[in-house]
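Open the model in your viewer and keep the selection tool at hand. The stops below go one at a time.

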Amino acid sequence: MNEVVNGLSPGDGVELAVIPRGTGWDFVRTFDIPRDLDGALDVALAGSVREIDLGVATYRTRAGEEASSTFANVASAGISGAIAQRANESSKALGGKISYYWATLAVFFGWETGEMRVTVGDESRSGKMIDAMVCNGRFLGGGMMMCPDAEPDDGLFDVLLIGDVTKRDLAFVLPKTYKGKHLPHPRLELLRGSVVTIESDEPLPVELDGEQPGTTPARFEIVPRALRLRVPAPG
């Protein structure tokens with residue numbers, strides 16, 4: 001899906017229909033697009049059209065050059081990029097939820113928390129963080145509802161900052177993310193804005209819709225209602 005979105009041009013009138021055959025199914029969850037083949041084909045053929053926002057990310061490639069890409073669901077900088085890479089390189093025979101859950105645990109216990117500087121609109125935060133999630137959709141990581149109130153057509157990102165969480169925090173909070181019940185939490189903060197910048201003392205992996213194209217420093221900017229998506233018809 002991410003590759004297709006990057007091949008489209010805003011305003012070209014193309015309507016995107018998603019047939020979910022991947023691992024996480026995170027993008028389609030926000031829109032209640034069926035995960036079974038027949039249901040997804042029905043939406044593709046006879047669904048309604050919803051105009052949703054897209055994000056444009058600018059980051060540093062592994063070669064040290066500046067590059068930009070589009071994303072439709074969630075972007076991030078920090079541990080989630082390493083988790084996505086670990087999940088992609090591991091067996092997914094047990095399904096997306098378990099694959100991402102175990103990848104999260106495996107990466108977390110070896111992660112070194114560093115200093116991050118994040119600006120969302122007019123607000124800035126700095127300190128030890130393990131991740132900054134820039135959400136257009138609500139789900140990532142095989143069903144974790146990290147930003148339960150995110151609206152993909154409101155012209156704003158929901159930005160979740162995850163501080164220096166402990167192993168105890170992870171044990172109690174991670175299961176709650178699947179129901180979107182992890183907020184509020186003293187080590188988590190939610191901000192909203194249309195432009196986000198992330199800097200770090202050491203380069204951190206940037207993740208876009210599950211892909212890992214480069215590292216920080218990164219900038220994320222929203223493009224309002226740039227994608228025409230087929231979704232289930234009302235009623």
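Which residues does Ile162 touch, not counting residues up to four places away in sequence? Select Ile162 and its contacts in this predicted model: they are Met129, Ile130, Asp131, Met133, Met146, Arg187 and Leu188.

Next, select the largest nonpolar core, which has 26 residues. Ile162 is among those with the most contacts inside it, along with Ile79, Phe108, Ile130, Met133, Met146 and Leu160. Two or more residues each come from H4, H5, S6, strand S7 (157–163) and H6. H5 gives the largest share, 5 residues. Apart from this core lies another, of 23 residues, including Phe71, Leu191, Val196 and Val206.

Now select helix H5, residues 96–108. Its 13 residues should span 18 Å at 1.5 Å a residue, and the end C-alpha atoms are 18 Å apart, so the two agree. Buried in H5 are Gly96, Ser99, Tyr100, Ala103, Thr104, Leu105, Val107 and Phe108. Their cover includes helix H4 (79–89), strand S6 (123–135) and helix H6 (167–177).

Lys97 lies over the face of Tyr178, at 4.6 Å from the ring centre.

The last stop is the aromatic rings. The whole structure holds 6 aromatic pairs. Tyr101 and Trp102 have ring centres 6.1 Å apart and planes at 80°; over 60 degrees counts as edge-to-face, so this pair is edge-to-face. Tyr101 is partly exposed, at 26% relative accessible area, while Trp102 counts as exposed, at 54%. Finally, select Phe71, Phe157 and Phe220, which form one aromatic cluster.

Key
Residues are numbered from 1 along each chain as its sequence is written. This is a predicted model: local features need pLDDT of at least 70, side-chain atom pairs count only at pLDDT 80 or more; totals for chains, interfaces and linings use all residues. Side-chain values use heavy atoms; hydrogens and water are left out. Helices (H or I, at least four residues) and strands (E, at least two) are DSSP runs, numbered from the N terminus. The expected span of a helix is 1.5 Å times one less than its number of residues. Buried means under 20% relative accessible area, exposed over 50%, partly exposed in between (1.4 Å probe, protein chains only). Contact means heavy atoms within 4.5 Å. Rings of Phe, Tyr and Trp (its six-membered ring) pair if their centres lie within 6.5 Å; planes under 30 degrees apart count as stacked, over 60 as edge-to-face and the rest as tilted. A charge sits over a ring if NZ of Lys or CZ of Arg is within 6 Å of the ring centre and within 35 degrees of the ring normal. A nonpolar core is a set of buried Ala, Val, Leu, Ile, Met, Phe, Trp, Tyr and Cys residues joined through side-chain atoms within 4.5 Å.
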